[in-house]
Amino acid sequence: MTSIDLDVDILVIGGGVVGCAILRELARYDASIALLEQYPDVCEGTSKANSAIVHTGFDARPGTLEARLLAEARQLWPEVIARLHIPYLQTGALMVALNEQEQATIAREIVPKAAANGITLQPLSRAEILEAAPYVNERIVGGVLVEGEGVIDPFWTTRAYCEHALLNGAQLFLGERVNAIEVGPRRLRVHTENGRTFSAALVVNAAGLWADEVARLAGDHSFKLTPRKGEFLITEEDHGVAQIILPVPSEVSKGILVTPIVFGGVLLGPTAEDVSDKRDLATTTAGQQRIREGVGRLVPAMTTVSTVRQFAGLRAVSSTGDYIIRPSTVSERLLHVAGIRSTGLSASPAIGHYVGTLVGETLGLRLRTSYRETLPEPLSEAAHEDGEVVCLCRSITRGEILAALRSTLPPQTLDGLKRRTGAMLGECQGNLCLPRLIALFQQELGRDPLSLEKHAPGSRLLVERLTHLGSVPAHRCERSKRGQ
């Protein structure tokens, strides 16, 4: 008989924003819980490569579980942001029509759908839009304002969910890719490629794009997920953009957007391309060109901006056309949370609450009396006081780097350090600060941060870049200072 490495009441598979939101909610119950993530850090899949928008759900298909949970999340976000200290900007979104046909689509389809979802859109004339957002294409004929839309830090959000769960007794196992599931009458055994076995009374399958494959490991073939790739560009040239600028959407996607980034800069994209490879994170010249053409229709000045980074993300397209949150066909002790699409970040508080309630009822759990509702402030006074700047582009201090390395959930890679602090996100993309960051990583954690870099999706070994350190003059970074 296989020995058990860990025996818990509830096991969550998947450390994206949805899995971590679920873990946080499950920590409210008087139960032992743990999460398995195949990569070296949380927030390594869809969660780290999206538009970082908190959607109101105004354009969700009415009557779906997705629409319901997006509506519930609108009520939950203020408290979540406050309790977890998540960086957030209430920007609002402008959907602009470039011709009378698009204007008619807004009036005939978008506004009624929003009303069915409990959201009132504010119609705006061409003159009103150009007065509020003079950077928008002068050829527009009108549009609508979606007041409740905002932008958030998806890295911080995912990590904060997880850290809050850890604070309340949850356990986290990184680098544990599931390769087999045994379904028993009372317990499930989950095996990983590292040779470990986890036993649980209930397993939550929140494996993102891989959730259908996790389901098949248990003998459940009831749904299929296909990847849709979106390419993005990041620029530090904001041209005054202060709102999310939306095109009139197509049947395939919301279209290519212009989106302020909560920690500085502007995000352009995404494209929408159905692919077959769930690891296809390649960026292409054609994709970049489509982005520039798309954003040029909305904000012409964005057509020729210089960019500091390009990346691609994959989101799951479900064979059911809606969120899949239900027991497996093989056992009620395996709960699927799949097909969450690009709205997973926006709906995450409500998904966590919904799944927590389902699990609590299934297992007959009681709420804990000792649950800590608020996460401690992310930076200590010592971190603020150590003001030596390490990352020139973003004005990230040594104290902030050390706070991340000493946190409850420290980074395992340089990519993880970047997501926690913002270092390496500026114009030089780390060329000026890499040696110092590596030295601090080794000093605090006692190992080479490059050792696990190759295991993270979309990450590249930085050895080649280390041979070109200092190739970007420091004066080029001055425009990118954080907060400017």
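# A guided tour of the predicted model

Begin by selecting T157, which is found in helix α5. The model on display is a predicted one. With a relative accessible area of 0%, T157 counts as buried, because that term applies to anything under 20%. Now display the residues around T157: leaving aside residues up to four places away in sequence, T157 touches V17, W77, I86, I152 and L345.

**The largest nonpolar core**

W77 is among the residues with the most contacts inside the largest nonpolar core, together with I22, V204, I325, V337, I351 and V355. This core has 53 residues. To see where they come from, colour the elements that give two or more residues to the core: β1 (6-13), α1 (17-26), β2 (33-37), α2 (65-84), α5 (154-167), β12 (197-205), β20 (334-338) and α8 (344-363). Helix α2 supplies the largest share, 9 residues. In soluble globular proteins, nonpolar side chains tend to be buried together.

Next, centre the view on I325. Which residues does I325 touch, not counting residues up to four places away in sequence? The contacts of I325 are L65, L69, H336, V337, I351, Y354, V355 and L358.

Select residues 324-327, which form strand β19, and then β20. The two strands pair in the antiparallel sense, over 4 bridges. One place to check the pairing is I324, whose bridge partner in β20 is A338. Together β19 and β20 make a hairpin, with 6 residues between them.

Move on to residues 225-235, strand β13. Of its 11 residues, 10 are buried, so β13 is largely enclosed by the rest of the structure. Strands of a sheet pair through backbone hydrogen bonds, either parallel or antiparallel.

- Strand β18 (residues 309-318) runs antiparallel to β13 and is joined to it by 10 bridges.
- Strand β17 (residues 273-274) pairs with β13 over 2 bridges, in the antiparallel sense.
- Strand β16 (residues 266-269) pairs with β13 over 3 bridges, again in the antiparallel sense.

Now select R228. Which residues stand opposite R228 in β18 and in β17? In β18 the residue is R315, and in β17 it is D274. For β16, select T235, whose bridge partner there is V266.

**An open sheet of three strands**

Display β3, β8 and β4. These 3 strands form an open sheet in the order β3-β8-β4, with antiparallel pairing. Strands β3 (53-54) and β4 (88-89) are the edge strands, each pairing on one side only. Between β3 and strand β8 (residues 150-152) there are 2 bridges. Within this pair, V54 stands opposite G150.

**The largest cavity**

To find the largest cavity, select its lining: H55, F58, D59, M95, E149, L246, P247, P249 and K254. What is the make-up of this lining in nonpolar, polar and charged residues? The lining of the largest cavity divides into 5 nonpolar, 1 polar and 3 charged residues.

How values were computed:
Residues numbered from 1 in each chain as written. Predicted model: local features only at pLDDT ≥ 70, side-chain atom pairs only at ≥ 80, totals over all residues. Heavy atoms only, no water. Core = buried A, V, L, I, M, F, W, Y, C linked by side-chain atoms within 4.5 Å. Buried < 20%, exposed > 50% of the residue type's maximum accessible area, 1.4 Å probe, protein only. Contact = heavy atoms within 4.5 Å. Pairing = 2+ DSSP bridges. 1 Å grid on protein atoms, 1.4 Å probe; cavity = no way out; pocket = protein on both sides within 12 Å on 5 of 7 lines; lining within 4 Å. Nonpolar A, V, L, I, M, F, W, Y, C, P; charged D, E, K, R; others polar.
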